[in-house]
Structures are given as structure tokens and as C-alpha cells.
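Dear colleague,

Please find the structure below, handed over for your own work. My notes on the findings follow it.

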Amino acid sequence: MRCTLENNSCVQHHDLFIKKAKSLFPKLLETNVFPQNDQGDALNTEIFAKTRPGDPMGSGESLLLDFGNHQVGYLTLKMGYTGSHPDAPVWLRVRFAERLQELKEDVNLYHGWISKGWIQSEELHIDVLPAEVTMPRRYAFRYVLIEVLDVSSRFRLKVEEASCRAVSSADDSRLKPFIGSAEDQKLDQIACRTLHECMQTVFEDGPKRDRRLWIGDLRLQALVNYETYRQNDMVRACLYLFAGSTLPDGRVSACIFLEPEIEADDTAMFDYSLFFIAALRDYYNATGDLETVCDLYPTAQKQWMLAQGYFDETGVIRDSDEVGWCFVDWDLGLNKQASAQGIYLYCTRALMELTKALDEDMGQEKEPVRARMDSLSGAKVPEYDLRREAEKLEQDLVRKMRAAKICFYDKKRDVFVSGASRQISYASQAWMVLGGAADGSVLSAVERIPEAHMMVTPYMYHHFIEALMQVGEKEKALNVMRKYWGGMASEGADTFWELYNPENPQESPYGGSIVNSYCHAWSCGPAYFLRKYTGTKGNG
Ligand code: RAM
């Protein structure tokens, strides 16, 4: 185990886990994609780019390229000229956009709280023509706008060819077909494209932003992956990464950087750390890979142990201001206390299931597997009496479920409230259902309360739909999904977005939608729900 000391943070590295993760990294598959400017005229008029590919361009003119679908990759431009020999550099601005909407925004007007560095806009100088220029950064886009900021009056620029070397580790030949209504097939196809684009070396949250591995996103991507691409070694690699680089107290960080070296972010979130448990349980259910679970069980168990410190003596989680960042949803006014309790219950149940399964499945292998657990983690791993552990988890679950009802349940309104202000939200109801503390009636009761905090991300909608499924409201769940994700589809989405508020499609938690991600992994849920619950899978 190594420890890096930088910026006062100490990240623990478990070299063997990191080595294992790296050995499981997928190969990136490359495809050359060319723009299809057949609908160019309409689009060009909308954003005032009047030129067609190959037309000579003077100062102030611009060209819009449409790559037909969302791409993640590297742009190459072949450029020539007409007129006299170029006597000055060409000065260009190249903007990349996942949605056309982004190109209508003025980049200089963004003053939000996350870095402008995410905005996909570059200025280039081309000294010598003809030239073939490959831009060094990877971009996420469907549209590229090339603006000539200046060119000498003695010649004009011609963009003769543009292409994108698109990259993804998703292997389309592995994608299981899905058969359903035209509407469902459309949602499934957009969801699969979303996942495809986020599958790079790891499951990224969004290829435009943040381009890294977040555990909340990973958990949902993995669920979709089990129903679609089935590239389970990628999930395995990501789990090893989280266990391989943790915070000093063993807490799983909220996200992992891959470069220049693999390193945990020094941010942890109450819910995200706990989701390591659920992600490992899901992985085990999908693969039965006992070896990996034995390696990573101690990390999962540690997250549960660390969560204990956030409860009072009655078994109630402390309020948001004491628990620190618990994500839940991108609603900055949301009180997270009840959701946090529900998430804890949900993950405790996941750990209990995993513990029971391990106890059953290890059977004869028990001793050798335990010996391996010691050697791989590099630390002294306690000997687990799995049966005893499972009993302990069950008792804790019963106690904290009871505490949840006493503290958060408002009998008169049949909903769970959260925080000192007794706030009512969809999130609290969904998580209390998923945690097993509430029955389905709260999911209908909340709909009758106009002041209830709505959900704003596909991430939270995913959990709400899962809660409806859990209480047997399958049709309602599918209809909520069709309406919400269908809203993005009818806005022309090629991939699903990080955030979508039907009441305000421009909403951003960052202070400006120019930095929103419009291909965001946590929104690929429709492929999971449709394939898992509608029973209309193809064979493959
Ligand atoms: C966003 C990321 C990611 C999410 C975190 C909490 O910035 O893009 O999707 O998991 O926040």
C-alpha cells in the first residue's frame, strides 16, 4: 500500500488492486466518421453559418458540420485555399456541440461555478496551406462550427474534408437487440448510444464533462451494461479502481482520475461511498464472480462501517449539514436527510444479500479464498464470520427501518418528510421505498402535494422508477419513464442528458447550460428498464 501526500490530502493506493484494474482495461475501438450535411441548410440558417463544405470562406464566414449522431473523438480538417499564395495565418475558432442549442449560446456570458475550461471551443492559427490538422483534444459532439475569425484579403480558405476518429470501448457486435414498440425502440436506441459514448477506458460520467469515473454513475451504467453490451470486465476494472485508490480512512472516493496516474478525488459523498456496496452486489448477481467479490468485500464492508458514525443513538441519520455532501439529485434546495437514511437502508440490504450469497457460495473454497483476500489487499483483512455478519446486518436494518418510520413518517399526509423544515420531496419517498421502510402509497401521496420537491436529473428519476417497479407499479413506472425520457427524445436528443427539467429545459445546476453534459451515463436507464421489465428482448 502506498500513500501520496499532496495538497494536505492522503490518498491510499492498493497497488495490487490498481494493477488488476489496469489489466482489465478495454481496448478502444476506432471508427472514421464523416459529416453528413444533408440537413445543413436548415441548421445553417438557424445558426447563421452560410457556407457549404468546400466553399471558399472569407473573414467572418462560418461553416457548420453535422456528424449525424453523437460522436466522441478527434477531429481532422483538410484545408486548402483559392486566390493568391497565403500571406498570413488563418485564424479560426472551432466549436463543438452535443446539441445545436449550445452553438446559439454566447460563451462569454457563462459565469457559473464550474470551470469555463469545459466549454468546447478552441482558436487555431494555420500558418501553412494546404494543411491537414488533427486537433489534439478529444471532444464530445454531433456538430462542429468553424468560424473564420480572420483571413488575409488575398486568399480564401477552403475546408475540403472533415472527419472524426471516433473512439469507444463499447463493442456494437455484442449489443443485444431489443424489440418493442417504435417509441420504446427509439428510447432504447438513444440510451444505448448514451452508454456507448460513455464507455471509454472506464465508464465515464459524460464524455464532454467530467470525463471520469464517478461511482453513482458507474452503478447505473453497470446495470444497463448487464442488459446490453455485457462488457463485465470493464465493470470489474472500475470496482478495482475504487478499491485501489481510497481516502485515508478507507472511504471510497466519489470519483477517480486516471491521469497522469490513477488517483482518488479527495471528495467523498455519503451516498456515493455506500453505493460501492450496491455496485458490488449487482456485479456479483450478474456474473457470479466469486474471486472479485472476495477481493473487494472488505472495501464494501468498510463503507458500511464508516457510515455508522453518521447516526444518532436512536438510529436516525444526522441532518444534511452534519453528514456532509450526500448527492441524491442536482436540486440545490433539496434536504437529503431522509434520502440518506433510505440509501443507507438500501445499501445495508445489499451488503446483507452479498454476505449471505458469499457464505453460501464459498462453500468448500472458504479457506483458500480467505487467504487470497489477505494477500491481495496487502493489509490484514479481518476474518469474517459471514453468517454472523449477515445476522448483524439484518438486526441493524430492522432497527434503522423502525427509526426511519418514527422520525420521518408523517402519518397524516402519508409521506416521509426530511430535515428540520420537514421538507417533502419525491427523492425522500423513492429512497424510503427502496430502503424497505415505506410501501408504495407514499409514491402516489407525494403526487398530491404540489409543494413537494420534484426530481431534476435522470439519475433521480431512475431511482423513482425503480421504486415504482419494486412496489409492483410496473406500468406506471414505464409510463413515467416514457414521458420523461420521451421529452428529451422529442427535443431531438441523440443521447440522453445530465439534467432535464421539462418545465425548464435550459436548467443547469452550474449556472449556465453551456457546461451541461448532453450525453450523460446516468441517463441510460431506459435500456435497462425496457429490457429487464418489458420482456421483449431479441435473441442475441
Ligand atoms: C456531476 C458529474 C457526475 C455526478 C456528480 C455528482 O458533476 O458529472 O455525473 O456523479 O456530479
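The confidence score used here, pLDDT, is the predictor's confidence in each residue, on a scale from 0 to 100. The model is a predicted one; its protein has an average pLDDT of 92, and 91% of the residues reach at least 70. Residues 3-8 remain under 50, and the model gives them eight contacts beyond four places in sequence. Where pLDDT is low, the predicted coordinates should not be read in detail.

For histidine 520, a polar side-chain atom lies 2.7 Å from a ligand oxygen. In arginine 209, a side-chain N or O atom is 3.0 Å from an oxygen atom of the ligand. For tyrosine 510, the distance from a polar side-chain atom to a ligand oxygen is 3.3 Å. The ligand taken alone exposes 300 Å², of which the protein buries 97%.

I also examined valine 252, which sits in the loop between strand 12 (245-246) and strand 13 (255-257). Valine 252 counts as buried because its relative accessibility is 0%. Beyond its neighbours within four places in sequence, valine 252 is in contact with Ile215, Phe242, Ala268, Ser273, Phe276, Thr299 and Gln303. Leucine 241 is eleven residues away from valine 252 along the chain, and their C-alpha atoms are 9.8 Å apart.

Kind regards

Conventions: Residues are numbered from 1 along each chain as its sequence is written. This is a predicted model: local features need pLDDT of at least 70, side-chain atom pairs count only at pLDDT 80 or more; totals for chains, interfaces and linings use all residues. Side-chain values use heavy atoms; hydrogens and water are left out. A polar contact is a pair of N or O atoms within 3.5 Å; within protein, one must be able to donate a hydrogen and the other to accept it, and residues adjacent in sequence count only if both atoms are side-chain atoms. Accessible areas come from the Shrake-Rupley method with a 1.4 Å probe; for residues, only the protein chains shown count as cover. Contact means heavy atoms within 4.5 Å. Helices (H or I, at least four residues) and strands (E, at least two) are DSSP runs, numbered from the N terminus. Buried means under 20% relative accessible area, exposed over 50%, partly exposed in between (1.4 Å probe, protein chains only).
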